[in-house]
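Here's a quick briefing to read with the model open on your screen. Have a look at it first, then work through the points below.

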Amino acid sequence: MKISKTFIKDLLVIEPQLFKDDRGFFYESYNKINLDKFINVVFVQDNESKSIKGVIRGLHFQKPPHAQT
C-alpha cells in the first residue's frame, strides 16, 4: 500500500498494491497497521479479489500471531 501526502492539509492518496495474474487479481484495500501511521481509525482490514470464470480460490489458514478471522 502506497500512502502519499498532498499539498492539502490532512488529505492523503492511498494506492493499494494489486497482485494480478492470469486467474484474476487480489488486493488489500485497507490495513490498520499501515494506516495507523497516518490516521486514527477503528476499521481493521478490507480485502477484495476477482477471479475469471472457472477459477476456484481456496481459503488460507494462518496460525497466530498472523491469524486472520
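Which strands and helix each supply at least two residues of the lining of the largest pocket? They are strand 4, helix 1 (32–35) and strand 5. Keep in mind that this is a predicted model, where local features need pLDDT of at least 70 and side-chain atom pairs count only at pLDDT 80 or more, while totals for chains, interfaces and linings use all residues. Residues are numbered from 1 along each chain as its sequence is written, and side-chain values use heavy atoms, with hydrogens and water left out.

- Three strands make an open sheet in the order 3-4-5, with antiparallel pairing; strands here are DSSP runs of E with at least two residues, helices are runs of H or I with at least four, and both are numbered from the N terminus.
- Strand 3 (18–21) and strand 5 (45–51) sit at the edges with a single partner strand each, so one side of each has no neighbour in the sheet.
- Two strands count as paired if DSSP finds at least two bridges between them.
- Strand 3 and strand 4 run antiparallel and are joined by four bridges, with a hairpin of two residues linking them.
- Phe19 has Phe26 in strand 4 as its bridge partner.
- Gly24 is bridged to Ser51 in strand 5, and Glu28 stands opposite Asn47 in strand 5.

**The aromatic pair**

- There is one aromatic pair in the structure (ring centres of Phe, Tyr or Trp, using its six-membered ring, within 6.5 Å; planes under 30 degrees apart are stacked, over 60 edge-to-face, the rest tilted).
- Phe25 and Tyr27 have ring centres 6.1 Å apart and planes at 25°, so the pair is stacked.
- Phe25 counts as buried at 18% relative accessibility, and Tyr27 counts as buried at 18% too (buried is under 20% relative accessible area, exposed over 50%, partly exposed in between, with a 1.4 Å probe and protein chains only).

**The largest pocket**

- The largest pocket holds about 690 Å³ of space (on a 1 Å grid over the protein atoms alone, a pocket is an open set of points where a 1.4 Å probe fits, with protein on both sides within 12 Å along at least five of seven lines; lining residues have an atom within 4 Å of a point).
- Of its 21 lining residues, the closest to the centre are Phe26, Gln45, Asn47, Gln62 and Gln68.
- Strand 5 gives the most to this lining, with four residues.

Conventions
Points joined across faces, edges and corners; volume = space filled by probe spheres on them.
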